[in-house]
Amino acid sequence: MQRTPEPELMEGEEQALAYAAADFSAGDQSLIERLVELFPQGLGDGLLDLGCGPGNISFLLARQFPGAQVVGVDGAAAMLHLAEQALAGEPALQQRLRFEQRCLPDPGLAGGYSALVSNSLLHHLHHPQVLWQAVLQVASPGARVYVKDLRRPASPEAAIALQRRYLADAPPVLQRDYIASLHAAFTPEEVQQQLQEAGLADQLQVAALEDRYLEVWGQLL
(Lines give C-alpha, C1' and ligand atoms only; values in the text may rest on other atoms or scores of the structure.)
Protein backbone atom coordinates (compact mmCIF):
# COMPACT_ATOMS: atom_id res chain seq x y z
CA MET A 1 0.00 0.00 0.00
CA GLN A 2 1.41 3.38 -1.01
CA ARG A 3 1.68 6.14 1.56
CA THR A 4 -1.02 8.82 1.55
CA PRO A 5 -0.04 11.86 3.67
CA GLU A 6 -2.59 13.45 5.99
CA PRO A 7 -2.77 17.00 7.43
CA GLU A 8 0.24 17.79 9.58
CA LEU A 9 -1.67 19.60 12.34
CA MET A 10 -4.77 18.66 14.33
CA GLU A 11 -6.23 22.15 14.55
CA GLY A 12 -9.97 21.44 14.85
CA GLU A 13 -11.50 21.88 18.30
CA GLU A 14 -13.72 18.80 17.85
CA GLN A 15 -10.72 16.74 16.86
CA ALA A 16 -8.62 17.97 19.80
CA LEU A 17 -11.42 17.33 22.30
CA ALA A 18 -11.97 13.83 20.94
CA TYR A 19 -8.31 12.97 21.39
CA ALA A 20 -8.17 14.50 24.85
CA ALA A 21 -11.26 12.55 25.94
CA ALA A 22 -10.09 9.22 24.49
CA ASP A 23 -8.50 6.71 26.83
CA PHE A 24 -4.97 6.15 25.56
CA SER A 25 -3.68 5.50 29.08
CA ALA A 26 -2.63 1.88 28.49
CA GLY A 27 -0.59 2.73 25.41
CA ASP A 28 0.87 5.84 27.01
CA GLN A 29 1.93 3.91 30.10
CA SER A 30 3.46 1.15 27.99
CA LEU A 31 5.60 3.79 26.27
CA ILE A 32 6.91 4.98 29.63
CA GLU A 33 7.63 1.41 30.66
CA ARG A 34 9.49 0.87 27.40
CA LEU A 35 11.63 3.93 28.11
CA VAL A 36 12.55 2.56 31.53
CA GLU A 37 13.40 -0.80 29.94
CA LEU A 38 15.55 0.68 27.16
CA PHE A 39 17.27 3.33 29.30
CA PRO A 40 17.62 1.90 32.82
CA GLN A 41 20.07 4.65 33.78
CA GLY A 42 17.37 7.26 33.20
CA LEU A 43 16.87 10.06 30.70
CA GLY A 44 18.79 12.89 32.30
CA ASP A 45 17.50 16.27 33.42
CA GLY A 46 16.06 17.80 30.24
CA LEU A 47 13.32 15.96 28.33
CA LEU A 48 11.65 17.08 25.11
CA ASP A 49 8.31 15.62 23.98
CA LEU A 50 8.00 16.38 20.27
CA GLY A 51 4.43 16.40 18.97
CA CYS A 52 3.00 16.32 22.47
CA GLY A 53 -0.65 16.86 21.50
CA PRO A 54 -2.76 17.38 24.64
CA GLY A 55 0.24 16.49 26.78
CA ASN A 56 -0.50 12.93 27.87
CA ILE A 57 3.07 11.69 27.48
CA SER A 58 4.55 14.94 28.80
CA PHE A 59 2.69 14.56 32.10
CA LEU A 60 3.76 10.94 32.43
CA LEU A 61 7.39 11.87 31.76
CA ALA A 62 7.28 14.56 34.44
CA ARG A 63 5.87 12.09 36.96
CA GLN A 64 8.19 9.23 36.06
CA PHE A 65 11.35 11.37 36.11
CA PRO A 66 10.89 13.85 38.99
CA GLY A 67 14.41 15.24 38.63
CA ALA A 68 13.85 16.38 35.04
CA GLN A 69 12.52 19.48 33.36
CA VAL A 70 10.03 18.49 30.64
CA VAL A 71 9.00 20.53 27.60
CA GLY A 72 6.12 19.50 25.37
CA VAL A 73 6.11 20.92 21.84
CA ASP A 74 3.28 20.84 19.31
CA GLY A 75 2.18 22.88 16.34
CA ALA A 76 -1.57 22.77 17.03
CA ALA A 77 -2.93 25.52 19.27
CA ALA A 78 -6.08 23.52 20.04
CA MET A 79 -4.03 20.64 21.42
CA LEU A 80 -1.78 22.87 23.48
CA HIS A 81 -4.78 24.70 24.94
CA LEU A 82 -5.94 21.39 26.40
CA ALA A 83 -2.44 20.65 27.69
CA GLU A 84 -2.28 24.03 29.42
CA GLN A 85 -5.70 23.49 30.96
CA ALA A 86 -4.55 20.17 32.38
CA LEU A 87 -1.33 21.70 33.71
CA ALA A 88 -3.31 24.41 35.49
CA GLY A 89 -4.86 21.64 37.56
CA GLU A 90 -1.51 20.16 38.59
CA PRO A 91 0.41 22.85 40.50
CA ALA A 92 3.01 20.32 41.67
CA LEU A 93 4.24 19.95 38.08
CA GLN A 94 4.15 23.58 37.02
CA GLN A 95 7.79 24.23 37.92
CA ARG A 96 9.03 21.30 35.85
CA LEU A 97 6.66 21.06 32.88
CA ARG A 98 5.83 23.59 30.20
CA PHE A 99 4.42 23.61 26.68
CA GLU A 100 5.46 25.49 23.54
CA GLN A 101 3.74 25.95 20.20
CA ARG A 102 6.25 25.26 17.45
CA CYS A 103 6.17 23.69 13.99
CA LEU A 104 9.11 21.77 12.55
CA PRO A 105 11.45 22.84 11.15
CA ASP A 106 12.01 25.60 13.73
CA PRO A 107 15.50 27.13 14.01
CA GLY A 108 14.43 28.74 17.28
CA LEU A 109 13.80 25.45 19.05
CA ALA A 110 16.21 25.40 21.98
CA GLY A 111 18.84 22.69 22.32
CA GLY A 112 20.68 20.89 25.09
CA TYR A 113 18.13 18.17 25.84
CA SER A 114 19.29 14.95 27.42
CA ALA A 115 16.39 12.96 25.93
CA LEU A 116 13.90 13.31 23.10
CA VAL A 117 10.63 11.40 23.00
CA SER A 118 8.07 11.46 20.21
CA ASN A 119 4.83 9.51 20.05
CA SER A 120 2.72 9.46 16.88
CA LEU A 121 4.27 12.52 15.26
CA LEU A 122 6.27 11.00 12.41
CA HIS A 123 3.32 9.88 10.29
CA HIS A 124 1.88 13.42 10.32
CA LEU A 125 4.95 14.93 8.70
CA HIS A 126 4.93 15.52 4.96
CA HIS A 127 8.72 15.73 5.07
CA PRO A 128 9.92 13.27 7.71
CA GLN A 129 13.49 14.57 7.69
CA VAL A 130 12.33 17.56 9.74
CA LEU A 131 11.96 15.22 12.72
CA TRP A 132 15.43 13.73 12.43
CA GLN A 133 16.98 17.14 11.82
CA ALA A 134 15.20 18.38 14.95
CA VAL A 135 16.76 15.50 16.88
CA LEU A 136 20.20 16.59 15.69
CA GLN A 137 19.38 20.23 16.41
CA VAL A 138 18.28 19.96 20.02
CA ALA A 139 20.00 16.86 21.42
CA SER A 140 22.99 17.17 23.70
CA PRO A 141 25.88 14.68 23.35
CA GLY A 142 24.78 11.30 24.70
CA ALA A 143 21.09 12.15 24.43
CA ARG A 144 18.61 9.28 24.51
CA VAL A 145 16.08 9.15 21.68
CA TYR A 146 12.81 7.23 21.50
CA VAL A 147 10.26 7.57 18.70
CA LYS A 148 7.12 5.46 18.49
CA ASP A 149 4.66 5.62 15.63
CA LEU A 150 2.12 3.68 13.66
CA ARG A 151 3.38 1.28 11.00
CA ARG A 152 1.73 1.32 7.59
CA PRO A 153 -0.07 -1.98 6.88
CA ALA A 154 0.27 -3.86 3.64
CA SER A 155 -3.18 -3.06 2.25
CA PRO A 156 -6.29 -0.92 2.78
CA GLU A 157 -8.08 -4.06 3.95
CA ALA A 158 -5.45 -4.61 6.62
CA ALA A 159 -5.87 -1.00 7.77
CA ILE A 160 -9.63 -1.48 8.12
CA ALA A 161 -9.06 -4.68 10.08
CA LEU A 162 -6.83 -2.81 12.55
CA GLN A 163 -9.39 -0.03 12.90
CA ARG A 164 -12.13 -2.57 13.66
CA ARG A 165 -9.90 -4.40 16.12
CA TYR A 166 -8.83 -1.39 18.14
CA LEU A 167 -11.28 1.48 17.56
CA ALA A 168 -14.61 -0.16 16.76
CA ASP A 169 -16.34 1.72 19.59
CA ALA A 170 -14.45 5.02 19.21
CA PRO A 171 -16.10 8.28 18.08
CA PRO A 172 -16.35 8.62 14.29
CA VAL A 173 -13.70 11.35 14.17
CA LEU A 174 -11.16 9.02 15.79
CA GLN A 175 -12.08 6.12 13.51
CA ARG A 176 -11.65 8.37 10.47
CA ASP A 177 -8.34 9.74 11.68
CA TYR A 178 -7.03 6.27 12.54
CA ILE A 179 -7.53 4.99 9.01
CA ALA A 180 -5.93 8.15 7.62
CA SER A 181 -2.99 7.77 9.99
CA LEU A 182 -2.40 4.15 9.00
CA HIS A 183 -2.32 5.19 5.35
CA ALA A 184 0.09 8.03 6.21
CA ALA A 185 2.43 5.93 8.34
CA PHE A 186 5.85 4.68 7.30
CA THR A 187 7.31 1.19 7.18
CA PRO A 188 10.44 0.27 9.19
CA GLU A 189 12.38 0.08 5.92
CA GLU A 190 11.38 3.63 5.01
CA VAL A 191 12.35 4.90 8.45
CA GLN A 192 15.70 3.12 8.18
CA GLN A 193 16.29 5.01 4.94
CA GLN A 194 15.35 8.26 6.68
CA LEU A 195 17.92 7.56 9.40
CA GLN A 196 20.59 6.88 6.79
CA GLU A 197 19.84 10.16 5.03
CA ALA A 198 20.05 12.02 8.36
CA GLY A 199 23.35 10.37 9.31
CA LEU A 200 21.74 8.66 12.29
CA ALA A 201 21.69 5.04 11.13
CA ASP A 202 24.76 4.16 13.22
CA GLN A 203 23.23 5.66 16.38
CA LEU A 204 19.52 4.79 16.19
CA GLN A 205 17.83 1.53 15.35
CA VAL A 206 14.31 0.87 14.09
CA ALA A 207 12.11 -2.19 14.44
CA ALA A 208 8.49 -3.27 14.10
CA LEU A 209 6.55 -3.33 17.35
CA GLU A 210 3.46 -5.44 17.97
CA ASP A 211 0.98 -5.58 15.07
CA ARG A 212 0.69 -1.87 14.25
CA TYR A 213 3.65 0.15 15.51
CA LEU A 214 7.30 0.80 14.88
CA GLU A 215 9.87 2.22 17.27
CA VAL A 216 13.19 3.99 16.90
CA TRP A 217 15.62 4.18 19.80
CA GLY A 218 19.23 4.75 20.71
CA GLN A 219 21.76 7.10 22.25
CA LEU A 220 23.47 9.81 20.26
CA LEU A 221 27.23 10.12 20.20
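This is a predicted model: local features need pLDDT of at least 70, side-chain atom pairs count only at pLDDT 80 or more; totals for chains, interfaces and linings use all residues.
What about disulfides? The structure holds zero of them. A disulfide calls for two cysteine sulfur atoms within 2.5 Å, and the sulfur of Cys-52 is 12 Å from the closest cysteine sulfur, which belongs to Cys-103, so the gap is too far for a bond. Seen from the other end, Cys-103 is in no disulfide either, its nearest cysteine sulfur being that of Cys-52.

Next comes Phe-59, which sits in helix H3, residues 56-64. With a relative accessible area of 6%, Phe-59 is buried. Which residues does Phe-59 touch, once its neighbours within four places in sequence are left aside? The contacts are Pro-54, Ala-83, Ala-86, Leu-87, Glu-90, Leu-93, Leu-97 and Phe-99. As for Val-206, that residue lies 147 residues from Phe-59 along the chain, and 25 Å separates the two C-alpha atoms.

Now for the helix pairs. A pair of packed helices is described by the distance between the axes and the angle between them. For helix H6 (residues 156-167) and helix H7 (residues 172-184), the axes come within 10 Å and cross at roughly 140°. That angle makes H6 oblique to H7, since the roughly antiparallel label is kept for angles over 145 degrees. The crossing of H6 past H7 is right-handed. On the H6 side, the contact is made by Pro-156, Ala-159, Ile-160, Leu-162, Gln-163, Tyr-166 and Leu-167. H7 brings in Leu-174, Gln-175, Tyr-178, Ile-179, Leu-182 and His-183. Sorted by type, the residues of this H6 and H7 contact are 10 nonpolar and three polar, with no charged ones.

Helix H5 (residues 129-138) and helix H8 (residues 188-198) also have axes that come within 10 Å, and the crossing angle is roughly 45°. H5 and H8 are therefore oblique to each other, and H5 passes H8 in a right-handed crossing. From H5, the contact involves Gln-129, Trp-132, Gln-133 and Leu-136.

Methods
Residues are numbered from 1 along each chain as its sequence is written. Side-chain values use heavy atoms; hydrogens and water are left out. Axes are lines fitted to C-alpha atoms, for helices over the stretch in contact, and angles run from 0 to 180 degrees between N-to-C directions. Helices (H or I, at least four residues) and strands (E, at least two) are DSSP runs, numbered from the N terminus. Angles under 35 degrees count as roughly parallel, over 145 as roughly antiparallel, 65 to 115 as roughly perpendicular and the rest as oblique. A crossing is left-handed if the near helix is turned anticlockwise from the far one by less than a right angle, and right-handed if clockwise. Contact means heavy atoms within 4.5 Å. Ala, Val, Leu, Ile, Met, Phe, Trp, Tyr, Cys and Pro count as nonpolar, Asp, Glu, Lys and Arg as charged, and the others, Gly among them, as polar. Buried means under 20% relative accessible area, exposed over 50%, partly exposed in between (1.4 Å probe, protein chains only).
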